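Have a look at the structure first, then read on.

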4 protein chains.
Amino acid sequence: MSWLENSIMSRKGLAKGQAGETYAITEASQGKYHYVYGPYVDPVLTVDPGAVVSAETHDAFEGQIKSETDKPSEILNFPYLNPQNGPIFVNGAEKGDTLAVYIKSIVPRGPQPRGTTVIMPEFGGLVPTHDTAMISPALPERVKKLHIDENGTKWNDKITLPYEPFIGTIGTSPEIEAITALQPDYFGGNMDLPDVGVGAVIYLPVNIKGGLLYLGDCHAAQGDGELCGVAIEHPTVTTLQIDLIKGWSVKIPRLETKDFIMSIGASRPLEDAARMAYRDLIRWMAADYGFEEIDAYMLLTQCGRVRLGNMVDPKYTMGASIKKSFLTP
Amino acid sequence: MSWLENSIMSRKGLAKGQAGETYAITEASQGKYHYVYGPYVDPVLTVDPGAVVSAETHDAFEGQIKSETDKPSEILNFPYLNPQNGPIFVNGAEKGDTLAVYIKSIVPRGPQPRGTTVIMPEFGGLVPTHDTAMISPALPERVKKLHIDENGTKWNDKITLPYEPFIGTIGTSPEIEAITALQPDYFGGNMDLPDVGVGAVIYLPVNIKGGLLYLGDCHAAQGDGELCGVAIEHPTVTTLQIDLIKGWSVKIPRLETKDFIMSIGASRPLEDAARMAYRDLIRWMAADYGFEEIDAYMLLTQCGRVRLGNMVDPKYTMGASIKKSFLTP
Amino acid sequence: MSWLENSIMSRKGLAKGQAGETYAITEASQGKYHYVYGPYVDPVLTVDPGAVVSAETHDAFEGQIKSETDKPSEILNFPYLNPQNGPIFVNGAEKGDTLAVYIKSIVPRGPQPRGTTVIMPEFGGLVPTHDTAMISPALPERVKKLHIDENGTKWNDKITLPYEPFIGTIGTSPEIEAITALQPDYFGGNMDLPDVGVGAVIYLPVNIKGGLLYLGDCHAAQGDGELCGVAIEHPTVTTLQIDLIKGWSVKIPRLETKDFIMSIGASRPLEDAARMAYRDLIRWMAADYGFEEIDAYMLLTQCGRVRLGNMVDPKYTMGASIKKSFLTP
Amino acid sequence: MSWLENSIMSRKGLAKGQAGETYAITEASQGKYHYVYGPYVDPVLTVDPGAVVSAETHDAFEGQIKSETDKPSEILNFPYLNPQNGPIFVNGAEKGDTLAVYIKSIVPRGPQPRGTTVIMPEFGGLVPTHDTAMISPALPERVKKLHIDENGTKWNDKITLPYEPFIGTIGTSPEIEAITALQPDYFGGNMDLPDVGVGAVIYLPVNIKGGLLYLGDCHAAQGDGELCGVAIEHPTVTTLQIDLIKGWSVKIPRLETKDFIMSIGASRPLEDAARMAYRDLIRWMAADYGFEEIDAYMLLTQCGRVRLGNMVDPKYTMGASIKKSFLTP
């Protein structure tokens, strides 16, 4: 955990990246899960910066898809999808501040087979959808239930996918909007970006007093793009350490790991998500690392990296990053 | 008004397209205007189907841009933009029903120069924006104040634009989301489509008990695409006749005039908005006019019409239409 | 034809918009039709500015689809599609000049049923394609043969579509590229824009000595977007009057009618086609009509019009226009 | 080089992946370089399968940008950009076959500073362009000349970028089209994808007798997206081993390394490039590795990887890949 001591969270956070009091949000204490990111509900928890919070997350289907003979289109009831824990009110957070959230651990829970992925109508990257609307026929529905433990996900007799868990959906509340938990946006939300995994710190804008942090939708594995629309969904205990940064604002989510810094764009078409991510990264390099914007632009042309998060949600996500070792103008 | 007697509103509406009680929403009775389309506020008015409601709408800037020397970026305060009247609760409306809203009249109000259009940073179709993010410089800000009356908008000494008013933003509440009034979507919202003008009927999905109708953002004129992002914004008295249809659901806004029927798609990229609109129109032709879907697809290839609403909002809008005279499979 | 006397063609053309010598390109004199827009073939005809040329165009399938039981996927042989007449070498044309082409008439020819439209695999706006690649099933193939005369296209017993013919594909040769006749681009090509009809003048860039004008692919009618990918294709005798403009360059096709001027963008996504068209129109208004660019931008926001050409070809097309009556800064 | 013995090239190629005769294409023997991918020029070289060819490639500017005070907009002359070596005629290659090209080595050549990157008008991912047309001002032009050797590119006193060379532009001729070397497409071309590097095999469609292989535009380093439009361009000696596969067709470029197989899509918007790549990969997994298409779709959702090539050329590129270790249905 040593790099963390030099992270932005540790350098700028009120708690200096130190762990404070610990909390648990269980299914029982959460009670009703939430399906929008918004300010119109009471916090489930109020904490000081430094708090370490473990949350019992549901899978994206709230555990309703139990068998490979289930039909998702009959079971699922839009907009009551992608249940979220929270919101967590962070004492002292004001509009313009930034929440720093260190992802300490993600542990699968629940009876086996815990994992679920499905093909469902009007959803996915290579089929007609609500937006990319077509009149050709849909694929048949399909459900796949999967055994998951910390060694991996057993896909079939021959293939075991490594357990590379991350948080599919995490973010803060908008100021007055309430946005479906199916959508990623400037406040985070359903980014479905594998880099939001254990050991990373995500920085999220505070849009309203207390910040109101939500999370859910953990994935045991996911390919770039989340192609069919549904990763390996599973219930977890996810543990976060939450810090609060004053005097440093982010417009869109930013992420830090031991090796790189990343900005996360959410838009459509996909090139706009990439543009948003890269521009924010350039501005960040200019504001905090001493680059001229145009120099950052030219340098990223030679060494920037882009990760495709999802290409299936109401907005698509791209993370643009640069290695810390290149951050020397 | 005779075509109205044969409109879908008249044939399917509970009030049979007949005008009922009349109401006024004044600035005073409205009190606080709203900046999101959502279910988290109390109705300003409750009416029965057939109600005729006149609303004092603000311009999109809530009247704050008063002079050509004003700087929009200093005055405007996101997300408190595009103030909306309402919501209007329609008795008897349940999820799955449809509101039919006939636009009876739009009359400009307020002291001259009543009209406003602006160039502002990060907004518009031919400049870098939040989504189409770039690092090249912005255009300078600019404000243009305009004299408007029912004869037209005086653009300059040589050009007078005809007064062709329409409602830029109208729609129903989502079920649990609260969406910025700057965005168009499946429930209507900021469509910025000139066809939503006097004499048309718009059909909107009811997502929640009462429907919760909002409106605002009337334009005195607008080109296709609302290119710089800001039409000729002006305050008005806008009068609607509201009916309620049971047993006929719409997934996205639909529109009817004397001559054509139209479906309105909102998405990005622009081709997805067109796809959404055309697919809905095909399904409508199949469900209500006796076409096979594939025949409707082939016929629209030869006689469909597309109107670009906006190409500047968080989602773009396209209306796809067919003349009523071709609706005979 | 009186407006023509004041057209750009008449004011700037070497032949002053006057008709000169007449020529015919028959099927026999054309011999081999062409499937690319390029400089690697010999001209079929060499003319002076003012020439009036009548060409026997084939339909887009070169007449190979003869019956409603034909299967397009078995008959058609990419890239040998959309046969073009020409090229026509215009004496005196040099890189940087502009060809002005007045469309005098389009007359259907050939045995009935002369008209053809089809559904074919991997082509169309609401089905998976080569580019918008999906794995869901295709629609079934379908062929529709249609009786066409100058009174209209008989769609079925109840619907007759008006005869509104236009040239689907017309343009000049690139300098060193040879581009499939299925694609629209900066030189014209497969624009599929109904405004390119009888009575209009289209202005095309000269990229190489002689200009090398091609044409083909006439449509008896077409809806906006050419939704299923195939308009009402038919063979014609199409008559053009060709003039040559020195000292006035166009970067993308421009069009003039009695009432408006239009710039035609070709790109993907569709918003880029609209941006390209609108920007060129702004630059045109600034260069030739005395507007400041930013004033043109603001004025088009209020009165610009956009026509969707196709949303199915390798590039999509949009025409942005303004009424001549507004061209007074 | 052992994995190569089990590569598709070795298993299916006529030369069984064995090196044959060696050839050199020097600047002198190349003579005129080419700016389009097309069939309208004579081969510079004719070889049998197995041939090892070393080519002296130019940088994308043909060495014309020599100093940091040069102005690219004054020096460069569209369409004479991105000079290509070739074409190489491969004996026995017929339409429907596949060329397998193993990239043996890329060695920088020429006087220092050999490397060039620039900012130029209307080009790049975060500025207005010909397609994403805007009216806001351009960035200033800028040229950066760079010292490159096999240890890296010296960016400035503090940053040295590793030497990770790859071929920016490589492909076969279309059948009748001649496409600018600035564009990637189904035949390869200007893909600007870093995976096309030393040690990889790229598979390209043969569209015409002899295949007609072109190459050029080698990059010393490049970030994902080639953000400003210009990687670290440099002249090289690039050595390829060329094999010919009968009875195995590719529709778009495919790539193989020791660890993964990849399909490369080129389209706009960017999601269409991703769709094209992923669909081709699914079809490949189904045809050659025993997967059901829908199973491949679900598996790639969990473990597919996407590499962004360029987001600046006339078409954007994405490579979709899967690890060979997962290719066991």
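L212(A) is buried, at a relative accessible area of 5% (buried means under 20% relative accessible area, exposed over 50% and partly exposed in between, with a 1.4 Å probe and protein chains only). Its phi is near 60 degrees, a positive value in a residue other than glycine. You'll find L212(A) in the loop between β15 (201-205) and β16 (213-219) of chain A. Helices here are DSSP runs of H or I with at least four residues, strands are runs of E with at least two, and both are numbered from the N terminus.

Before going further: this is a predicted model, in which local features need pLDDT of at least 70 and side-chain atom pairs count only at pLDDT 80 or more, while totals for chains, interfaces and linings use all residues. Residues are numbered from 1 along each chain as its sequence is written, chains are lettered from A and ligands numbered from 1 in the order in which they are written, and side-chain values use heavy atoms, leaving out hydrogens and water.

Over in chain C, E62(C) also has a positive phi, near 55 degrees, and is not a glycine either. E62(C) sits in the loop between β4 (52-57) and α3 (72-75) of chain C, and at 24% relative accessibility it counts as partly exposed.

P113(B) belongs to the loop between β6 (98-108) and β7 (115-119) of chain B.

Chain D has a cis bond to show as well: the one from R268(D) to P269(D), again with omega near -10 degrees. P269(D) lies in the loop between β19 (260-267) and α5 (270-289) of chain D.

## A helix in chain B

Helix α5 of chain B covers residues 270-289, so 20 residues, and spans 28 Å from its first C-alpha to its last, close to the 28 Å expected at 1.5 Å a residue (the expected span is 1.5 Å times one less than the number of residues). Of those 20 residues of α5(B), 15 are buried, so the helix is largely enclosed by the rest of the structure. Just after α5(B) comes G290(B), with a positive phi of about 85 degrees.

## Where chain A meets chain D

Here 59 residues of chain A are in contact with 59 residues of chain D, contact meaning heavy atoms within 4.5 Å. The two chains bury about 4900 Å² between them, 65% of it on carbon and sulfur atoms; buried area is the accessible area (1.4 Å probe) that two parts lose on being put together, summed over both. In chain A, Y297(A), M298(A) and Q302(A) lose the most area to chain D, together 16% of what that side buries.

How many salt bridges cross the interface of chain A and chain D? The rule finds 4, a salt bridge being a side-chain nitrogen of Lys or Arg within 4 Å of a carboxyl oxygen of Asp or Glu. D224(A) and R305(D) have side chains that meet in a salt bridge, at 3.5 Å from N to O.

## Where chain B meets chain C

Between chain B and chain C, 59 residues on the B side contact 59 on the C side. The area buried between them is about 4900 Å², with carbon and sulfur atoms giving 65%.

D295(C) forms a salt bridge with R142(B), with the closest N and O atoms 2.8 Å apart.

Chain B goes onto chain C by a turn of 180 degrees and a shift of 0.0 Å along the axis, with an RMSD of 0.0 Å. That is the relation of a two-fold axis. In chain B, the C-alpha nearest the axis is that of L270(B), at 2.7 Å.

Note on methods: Least-squares fit on C-alpha atoms with pLDDT ≥ 70 in both.
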